[in-house]
Amino acid sequence: MAQLLPCDSEGVCMVCKQKPLETETLVCRTCITPWHVPCLPIVPTTILDWECSDCSQPVDINHVADVPTPPIAGDLVSAIRAIENDTSLTDEEKAKKRQELVGGSSKTAAEPNSRSCNNGLPDLFDGSVNCSFCMQLPDRPVTTPCQHNFCLKCFEKWIKQGKRTCANCRAAIPAKMASNPRINSQMAAGIRMAKLERLQGAGGSSVPKVYHTVDNDERPDTAFTTERAKKTGKANACSGKIFVTIPKDHFGPISAENDPTRNRGVLVGDTWEDRMECRQWGAHFPHVAGIAGQSTHGAQSVALSGGYVDDEDHGEWFLYTGSGGRDLSGNKRTNKNQSFDQQFENMNEALRLSCRKGYPVRVVRSHKEKRSSYAPEEGVRYDGVYRIEKCWRKIGIQGHKVCRYLFVRCDNEAAPWASDFSGDRPRPLPIIEELKDAVDVTERKGDPSWDFDEEKGCWLWKKPPPLSKKPVNTVDPIDGSKIKVVKPKAKKASFKIKDRLLKEFGCNICRKVLASPITTPCAHNFCKACLEGSFSGQSYIRNRTTQSGRSLRTQKNIMKCPTCSTDIADYLQNPQVNREMMGMIESLQRKAEQMEESSEESSARSEEPSDKSDENRKSGEETEVPKPCDSSEKVSEETEENDVDPLEKRRKGADGKAVVNAEEHTDEAVVENK
């Protein structure tokens, strides 16, 4: 029996695998499917009211409801026609029968209600926000000027087919948007929030992350254990044990209380074979990078190893060059030529922050620094703590701008090259000639955190040192010879709908929650009243006349988007409200109100009856749900305070000092030799 197959979506016949001509194509009047006439078993006698074999098969009207799923497409179309022609059924009954016919059963009205009780955002999962093409929640949503949302890939596929109208309402799509569609970031944020709320409401969780760690006791005593690990450069060397109980972001010298192995700390003049062994004693943790620090926390240590030709070493003070400015891509990991300017970012910003705060910075010198008279002959040596007094940028020797830092020694121990036994005293700053042509000069304005005390005659912390944000090393209480790494526990981020409203759904004009939101073709969201008010009094057409009074051709006024420079004059003539986004915001507000009411009830039960009214009134004033275009400065301040990393949690250590348990949010060290 010959196959009865139509043409596919590309217009190619599925029988002969060829694209037929227009004269050889026949379209079914019911399903509008193209067919290849030569491949039909029977040539039709008429082409106006012709139906394909799937649509021309009859069905028994009396047994429509008894057939849950018709076996072929022809029965399905005929059954739907029979339901539509049945005058005894209402529109609701017809819709129910069509649902039973296609899906086998219809959902009861209780299911959506139960789902709305379990989830904070039911409107996103009932199909009202689904993409009209893939029938799923929009992935990378794109909003048309008529305020319909589609997936980016679906929208681009629709445009590639030559369509320039909306798939829902057939409104025209501007040519600029068709060529360069923009993602509606606020709609995407709302979908993420809905998925997160649904996941938490169902009691599920995402796939847990697996962290592969090695305990300190499982590491070898030395950094190298195999012959292969002792190759030139020792790039594949393993990391040995850490013998000190300091976190990686510890500022200042390493005292005896942090050295349970030797009970003396790290002293000035201690030398190690290489940077890997230096890392084991905490003087400078990175074994490759020359700067240890975080851009938002400060720099703890630096290494002088001859990485930059601009460095100048004068013992008690030296000029240090920041990191970056080199092309280290591919196999250029050892490239020492500057190819672009350095900026105050990442590790360079960490050094500048230490300059502003006056933090002590540990300094180690390597034998690789051949230009310095103060470098050791072999290995790596700890030379005490220094303080950054100034930093700036200037044109380096290789023709590009580099970040420069003035380090001045401020340690209580004498330098390894000094002939006396006393430590440093405050000294005047040296005269730096290159400061004349420098830019971005930064100097400390306030008192430094690490300074000299005249009464005690030593350098000490004048201000409390910054709290650690790294895992803390502690001595094992069972075995005092072992050091235990106390890692921070992960804490789930709190899902506060009230705080997320202003952050995710804020108007770009009034900075409040969107009211009657509208999305421009450039994918920016505003309150309708705010956007129309910003262009009130402006006409779309500008009349022009000459000096003699003769009228010229009118000219269109350009109305730029308040956020970008896109002309939205055509869109402003008939802006439509984004109903789907408005539903998301309203459901969020309802959920926030329910959460606050439940919290108020629980707090009221735990308080005395005499204080119930006053406390409820106060809590209601403090936790007022932000209404559209009705937010206050107080809500904004609360949002800024809640933007602080929720994973941060302070506790008291065994010694009474404050310790921070937090996830590591630090900048990656730039991998280059210093």
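**Surface patch and salt bridges**

Val-15 has a relative accessible area of 33% and is therefore partly exposed, a class lying between buried (under 20%) and exposed (over 50%), with a 1.4 Å probe and protein chains only. The model is predicted: local features need pLDDT of at least 70, side-chain atom pairs count only at pLDDT 80 or more, and totals for chains, interfaces and linings use all residues. Residues are numbered from 1 along each chain as its sequence is written, and side-chain values use heavy atoms, without hydrogens and water.

Val-15 sits in the segment before β1 (25–27); strands (E, at least two residues) and helices (H or I, at least four) are DSSP runs numbered from the N terminus. Together with Leu-5 and Met-14, Val-15 makes up a nonpolar surface patch with about 200 Å² of accessible area. Such a patch joins nonpolar side chains (Val, Leu, Ile, Met, Phe, Trp, Tyr) within 5 Å, each residue having over 30% relative accessible area and no salt bridge. The areas come from the Shrake-Rupley method with a 1.4 Å probe.

A salt bridge is a side-chain nitrogen of Lys or Arg within 4 Å of a carboxyl oxygen of Asp or Glu. By this rule there are 21 salt bridges. Asp-221 pairs with Lys-241, with the closest N and O atoms 3.4 Å apart. Both residues lie in the loop between α6 (185–201) and β5 (271–272), 20 residues apart.

Asp-270 and Arg-264 form a salt bridge at 3.3 Å, N to O. Asp-270 is buried at 13%, whereas Arg-264 is partly exposed at 32%. In the bridge between Arg-371 and Glu-369, the closest N and O atoms are 3.8 Å apart. Glu-369 is buried at 6%, and Arg-371 is partly exposed at 47%. Salt bridges also link Asp-310, Lys-394, Arg-404 and Glu-434 in a network.

Terms used
Patch = residues over 30% accessible without salt bridge, like charges linked within 9 Å, V, L, I, M, F, W, Y side chains within 5 Å.
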